[in-house]
Amino acid sequence: MTSRAKVVIGANYGDEGKGLMTDFFAAQAPGSIVARFNGGCQAGHTVTTPEGHRHVFSHFGSGLLAGADTYLSRHFAVNPALFFKERDLLATALGKHTLYVDHRAPVTTFFDMLLNQAVEAHRGQARHGSCGMGFGETIGRHESAYALSVGDLLDKDGLYEKLVRIRDEYVPARRKALGLPDDGPHNTLFSSDTLVEAFLQVAADFMAEVVVVPNARAALQAHPVVLEGAQGLLLDQTNGAFPHVTRSNTGLANALDIAIESGIQALDVTYVTRAYLTRHGAGPLANELPTKPYADIVDLTNQPNTYQGSLRFAYLDHDQLAAAIQHDLQSAKTTPVECWATLAVSCLDQVGEQACFWEAGKLQHGTVGQQLASLASRVLPLGHLSWGPTRATIEVQDALALAA
């Protein structure tokens, strides 16, 4: 059993390069397994291999293209319907990949997705910035008497009864609580048998594809482990700017829970940030810019969409970054797990010769080297620098020397 594991955490609003770093760590340790420790399939983590194969991961760990297996933990919301969309895109890349799923993991139904999309459309300009995939609705329902876990999918008759109760009892109450009109565009679907029958079939298909395990130890033993987070610290359900947050612990909390359950004694934590700041979706963004800060910025993953609009930009605030990370690291002090943290900076190739960043409340202008020196002194020792989209463009830094 491994006694030490890697952890990848987004330090901002998501889209920092977590997929890139997870792929890098998996490639460094053959036989790895990637554990998704929060979020659900609404998180899109982009990996581009040195050979040019690009995929945006949602249900699978971002180490798959480097040969790593996947473990969906009890903190990951499984969406059986959208799982197959991604599986089909991966096709032959799956190879001998094994997908382990914790039997306690919450499950997203078609009703959760429909509620999510209906309420965001109803909110109009006051929308919360959801992806429309039902993640928040899933977590809210899972905390009620209408919880549905992966283990429940093993019993078809029991699953049918639970789905009918969700449709006939939970959905009407939830629609009323959300203030959704009775004559909404999805009204017929909410009360029909269609979504129940369709989910029964997709659930059976999903269970035929995965290996269900009772806990983290059963999945992670005898593998090098990479714990892959989703979203970012500034979207944490407790520490972010409510209501524009995700229903998830985006920092160390869930990773520590998995480490303790599986017997991992130490974590090498990599907090990831771009060299600039982005946000996709509604909510505050301090010092927001009217357009992208650097001309060479290219983002193929975060295209404009109905629920989140266009990608938003700002120069990176080093003090905000430091505060968020230091606050997150406090959660490790009450556990027996040792944590050592470094910073990874991505998208450095997109900055150009002149870099801008916020420091001590002032906008600073300097070289990329000056920005990196500021990050190393004010935030964390630098562990990895990324000068492109693939693991081959990552430079490993002597973080111990920088920290000294």
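How do the residues of the lining of the second largest pocket divide into nonpolar, polar and charged? They divide into six nonpolar, twelve polar and seven charged, where Ala, Val, Leu, Ile, Met, Phe, Trp, Tyr, Cys and Pro count as nonpolar, Asp, Glu, Lys and Arg as charged, and the others, Gly among them, as polar.

The model is predicted, so that local features need pLDDT of at least 70 and side-chain atom pairs count only at pLDDT 80 or more, while totals for chains, interfaces and linings use all residues. Residues are numbered from 1 along each chain as its sequence is written, and side-chain values use heavy atoms, with hydrogens and water left out.

**View 1. The second largest pocket holds about 520 Å³ of space.** A pocket is an open set of points, on a 1 Å grid over the protein atoms alone, with protein on both sides within 12 Å along at least five of seven lines, whereas a cavity is a set of points where a 1.4 Å probe fits but cannot get out; lining residues have an atom within 4 Å of a point. Of the 25 lining residues, Thr46, Arg274, Thr301, Cys347 and Pro389 lie nearest the centre of this pocket. Helix H1 (18-28) and strand E3 (45-48) each supply at least two residues of the lining, and E3 gives the largest share, four residues.

**View 2. The largest cavity has a volume of about 40 Å³.** Three cavities of 30 Å³ or more are found in the whole structure. The largest is lined by Ala145, Tyr146, Ala147, Lys162, Arg165 and Ile166, that is, by four nonpolar, no polar and two charged residues.

**View 3. Ten strands form an open sheet of mixed pairing, in the order E7-E6-E5-E2-E8-E1-E9-E12-E15-E16.** Strands E7 (211-213) and E16 (394-396) stand at the edges with a single partner strand each, so one side of each is left without a neighbour in the sheet. Two strands pair if DSSP finds at least two bridges between them; four bridges join E2 (residues 33-36) to E8 (residues 225-228), which run parallel, and alanine 35 stands opposite leucine 227 in E8.

Notes:
Grid points are joined across faces, edges and corners, and a volume is the space filled by probe spheres set on the points.
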